Structure formats: structure tokens, C-alpha cells
Amino acid sequence: MRSKKFLRAEQASLVWDTPGLIAGVDEAGRGPLAGPVVAAAVILDDLNPIVGLADSKKLTALKRERLYDEIRAKALCCSIAEASVEEIDSLNILNATLLAMRRAVEGLRLKPHKVLVDGNRLPVLDVLAEAIVKGDSKVPAISAASILAKVHRDRWCLQLHAQYPEFGFDRHKGYGTEAHLQALRTHGATPWHRHSFAPVAEVLR
């Protein structure tokens with residue numbers, strides 16, 4: 001017969017697989033030349049499913065907007081956070097992205113048992129976490145987080161477009177398109193451009 005001590009040790013090894021709340025985390029805005037990087041964390045409600053969740057990049061803008069509202073209404077909780085342009089320039093884009101992810105998780109009203117993060121890098125968290133490559137197309141909670149982050153940042157770009165219409169942020173969303181690069185050469189950088197990114201740094205020389 002197994003001793004009680006052995007049974008306790010055997011049970012302890014299963015703690016990693018115990019059920020609990022799962023949060024999905026994803027980001028938007030690592031590649032653009034301007035603006036904050038945005039991260040979102042979402043804990044979905046299994047009893048209140050959302051149809052149509054997918055990688056935000058594979059959805060139309062209209063579909064993302066509809067799902068954004070549905071996620072906010074149906075999820076157990078969700079959180080959206082940013083790392084600023086100043087933080088991107090001082091920390092580098094990877095560390096700023098991980099900082100935004102950590103802020104998103106810490107902003108959740110409920111503490112998750114485990115966090116699933118899109119990609120191959122993890123932010124520093126005080127809960128169990130796992131990185132999943134292409135998780136935004138595999139894990140519904142990560143898909144939901146990708147949609148929240150993408151819509152939030154796209155809305156930010158529309159606000160920036162109203163302030164700097166000559167840059168066309170409503171179209172390129174801050175990415176380094178030829179039209180954006182030409183606007184940089186013509187008008188110089190705005191206060192929202194990332195000085196640590198090479199195309200912006202070249203304009204500022």
C-alpha cells in the first residue's frame with residue numbers, strides 16, 4: 001500500500017494541470033513607426049461563447065469592431081494596456097511589448113490561474129504562463145485579446161489622423177508604407193513617432 005506521504009507527493013505534481021481561469025494575451029502595434037504598443041488580456045466565459053473569434057489580422061475591420069463589443073460584453077473580464085512611445089524608445093520594442101502585456105494581465109478584475117501568450121516570449125508574471133506560437137489562431141482567448149488590442153490601436157490611429165491628416169494614419173495605421181515615409185520626409189516626425197526606429201531616426205538626423 002502506498003504511504004500517505006507518497007500520495008501527497010503524487011498529487012502535488014498535478015498542480016500544474018488543475019482547472020482555473022485562463023487568460024489569453026496578445027499585442028498590436030509592434031511594427032509601426034508611431035504610437036504606443038497595445039496589449040490585451042481576456043478571460044472568456046465558457047458558458048457565454050462568442051462565435052467567430054479568430055486572429056484579428058484575418059478579420060475585416062467591421063468584423064473586428066463587432067467582435068470587440070461582443071467580447072467586452074460577454075467575457076468574464078478583460079483589460080487593455082499600453083506601453084508609450086517613450087517606453088518603446090528607452091526599453092526597445094520587445095521589452096515595451098512585454099511591459100504592456102504585464103500591465104494588461106495585472107489590470108484584469110479576476111486573477112487567472114494560467115496565462116496563455118501569443119508568440120514565443122513571456123512577460124514577467126506572478127502566475128503560471130505559457131507562450132504559444134500563432135496562438136491567436138489556435139486559442140479563442142488569445143484571439144479575443146488580439147481583437148481588443150487591434151481595435152483599440154486602430155481607434156487610436158484614427159484620433160491621430162484627425163490631428164495630423166497629412167500623414168494618413170487612418171490608412172497605414174503607423175506602418176512604414178511608402179506614403180508614410182514620404183510624409184516623414186516632407187513634414188518631419190510628430191511627437192508620436194518612435195525615434196528608436198530607423199526610418200524615423202533617419203528623418204531626424
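Strand E1 (22-28) and helix H5 (140-163) each supply at least two residues of the lining of the largest pocket. Helices (H or I, at least four residues) and strands (E, at least two) are DSSP runs, numbered from the N terminus. A pocket is found on a 1 Å grid over the protein atoms alone, as an open set of points where a 1.4 Å probe fits, with protein on both sides within 12 Å along at least five of seven lines. Lining residues have an atom within 4 Å of a point. The model is predicted: local features need pLDDT of at least 70, side-chain atom pairs count only at pLDDT 80 or more, and totals for chains, interfaces and linings use all residues. Residues are numbered from 1 along each chain as its sequence is written, and side-chain values use heavy atoms, with hydrogens and water left out.

The largest pocket has a volume of about 240 Å³. Its lining holds 17 residues, and the closest to the pocket centre are Glu-27, Ala-28, Gly-29, Lys-57 and Tyr-175. Helix H5 gives the most to this lining, with 4 residues. The volume is the space filled by probe spheres set on the grid points, which are joined across faces, edges and corners.

The protein as a whole has 8 helices and 5 strands. From the N terminus on, the elements run α-β-β-α-β-α-α-β-β-α-α-α-α. The C-alpha atoms fill a box of roughly 80 × 35 × 25 Å along the principal axes. Of the 205 residues, 44% count as buried. Buried means under 20% relative accessible area, exposed over 50%, and partly exposed in between (1.4 Å probe, protein chains only). The accessible surface comes to about 11,000 Å². Carbon and sulfur atoms hold 56% of that surface. Areas come from the Shrake-Rupley method with a 1.4 Å probe.

Of the contacts with a separation of 6 or more, 62% join residues 24 or more positions apart. The charges comprise 28 positive and 24 negative ones, and their mean positions are 5 Å apart. Lys and Arg count as positive, Asp and Glu as negative; His and the chain ends are not counted. Each charge is placed at NZ of Lys, CZ of Arg, CG of Asp or CD of Glu.

Ala-40 sits in strand E2 (residues 37-43). Ala-40 counts as buried because its relative accessibility is 0%. Beyond residues up to four places away in sequence, Ala-40 touches Gly-24, Val-25, Asp-26, Ser-79, Ile-80, Ala-104, Ala-145, Leu-148 and Ala-149. Ala-40 and Arg-103 are 63 residues apart in sequence, yet their C-alpha atoms are 8.8 Å apart in space.

His-172 belongs to helix H6 (residues 169-172). With 7% relative accessibility, His-172 also counts as buried. Its contacts, leaving out residues up to four places away in sequence, are Phe-167, Thr-177 and His-180.

Backbone angles come last. Most residues other than glycine have a negative phi. Asn-92 is not a glycine, but its phi is positive, at about 90 degrees. Asn-92 lies in the loop between helix H3 (85-91) and helix H4 (93-106). Asn-92 counts as partly exposed because its relative accessibility is 38%. Lys-173, likewise not a glycine, has a positive phi of about 55 degrees. Lys-173 is found in the loop between H6 and helix H7 (178-187). At 18% relative accessibility, Lys-173 counts as buried.

Technical notes
Contact = heavy atoms within 4.5 Å.
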